[in-house]
Amino acid sequence: MVGSYANGAGKNGAAEGKLDELRRRLGKAEGDPLRIAGVGAGAWGSVFCALLQDAYGRDHRDKAQVRVWRRPGRAVDRATAEHLFEVINAREAVLRRLIRRCAYLKYVEARLGDRTLYADEILRDGFCLNMIDTPLCPLKVVTNLQEAVWDADIVINGLPSTETREVFGEIGRYWKERINPPIIISLAKGIEASLDPMPRIITPTQMIANATGVPLENILYLGGPNIASEIYNKEYANARICGSEKWRKPLSKFLRQPHFIVWDNSDLITHEVMGGLKNIYAIGAGMVAALTNESATSKAVYFSLCTSEMIYITHLLAEEPERLSGPLLADTYVTLLKGRNAWYGHKLAKAELTLEMGDSIKGKGTIQGVSAVNAFYELLSQGSISVTHPETKKHVAPVELCPILKTLYKILIKRLECSCFLDHHCSLLLQFFFCYSPVASTAV
């Protein structure tokens, strides 16, 4: 049933069996429900919690409880309220649900401008502010962070990587008295660069471990070719959950649904690095698509060159990186095709957005590729991790072999060559992207 909150996986014995198995592993007593808390309510974080609510939290309330934390006070503007009203009235099942819950009238009033809706309020009714066109199931929303996480068995990190450290630092203070650490599944894609005492990356799972004291074996990363709205509408997708063997195998089984296949993998760092990199290069993919009128040849050339840079960077930063294949390649491909970062690059190149608008865009959320550009550039420009240039044989900073990353840094961070977005300068921008890109591939 596409677009509704009914999900067959939650109605059969298989779902209950998976739930019981995970509860036993966690040592849950009879009558003590498995508590799952989502932190952050962007599109993917909301959808992920809604999938769990559909599968376990609706038909097995005595065994599983799902709740989501988001900050209070974010108002829904009039235009969004009007669009939301249109979405509600176009879906009979959603309309009937709101009428039964006595919640429909407030959407009528919001459309007329007689009242203001708030993001946490509409999320309780099943609407994510960053994904209005895809109604979700109703969710239990908590706006007090301590209340949301203090007794959670499983915490889903749906925050942008730029907010992960701050929020989990606060969470860590609430968990000081905990005896048994929770399991944390991070959906965040991005990194921080640390230059002292030596250049290194800090991934979201490491940020969480540092901020909370939760051991790394209890912190996992889930990523894959995931377009949130498509997954909730039950289009086929797969993902990988990466981390310690103790938890990744039981969690992959617990999270798997007929339309959402979850595999497991031990290579946590490679998947997190690639998760951050793909958002960077997706911005460039959107620019190339816009400036070449969706030229298939140009997009194919760009895909080849940017994956070479991604492989090169991953080999530098991960000790034993996994090959760019399977879900890793699929995740990169779908993000370049359709993700919010590609959308952002496309809008910039068409001058429908400007850099002055920042990287938090109404209806889309945080464009994580922007901060990732800065972090990777800063890290790879350090002379202390110099490499040998394959042509000149001289020692150079690794970023010198990554011309696409350098170009995106100039545009997005230094804000140079912004005039390239004008039609008569688009060939100059494409030269920036394509001219020297094969260098990285020869250095792998």
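Which residues are linked in a network of salt bridges? Some notes on that, and on a few other charged pairs.

1. Bear in mind that this is a predicted model. A search through the whole structure turns up 26 salt bridges. As background, side chains of opposite charge can pair when their charged atoms come close.

2. On the opening question: the network links Lys 28, Asp 32, Arg 35, Arg 67, Asp 151 and Asp 153 through salt bridges.

3. Arg 78 and Glu 82 both belong to helix α3 (residues 78–89), where they sit four residues apart, or about one turn of the helix. Their side chains form a salt bridge, at 3.3 Å from N to O. Arg 78 is partly exposed, at 44% relative accessibility, and Glu 82 is also partly exposed, with a relative accessible area of 31%.

4. Then look at Arg 115 and Glu 121, which make a salt bridge with their closest N and O atoms 2.7 Å apart. Buried or exposed, what is Glu 121? Glu 121 counts as buried because its relative accessible area is 14%, under the 20% cut-off.

5. Finally, Lys 249 and Asp 264 meet through their side chains in a salt bridge of 3.2 Å, N to O. This pair links distant parts of the chain, 15 residues apart: Lys 249 is in helix α11 (residues 245–255), and Asp 264 is in strand β12 (residues 260–265). Lys 249 is partly exposed, with 39% relative accessibility, and Asp 264 is partly exposed too, at 25%.

Methods
Residues are numbered from 1 along each chain as its sequence is written. This is a predicted model: local features need pLDDT of at least 70, side-chain atom pairs count only at pLDDT 80 or more; totals for chains, interfaces and linings use all residues. Side-chain values use heavy atoms; hydrogens and water are left out. A salt bridge is a side-chain nitrogen of Lys or Arg within 4 Å of a carboxyl oxygen of Asp or Glu. Helices (H or I, at least four residues) and strands (E, at least two) are DSSP runs, numbered from the N terminus. Buried means under 20% relative accessible area, exposed over 50%, partly exposed in between (1.4 Å probe, protein chains only).
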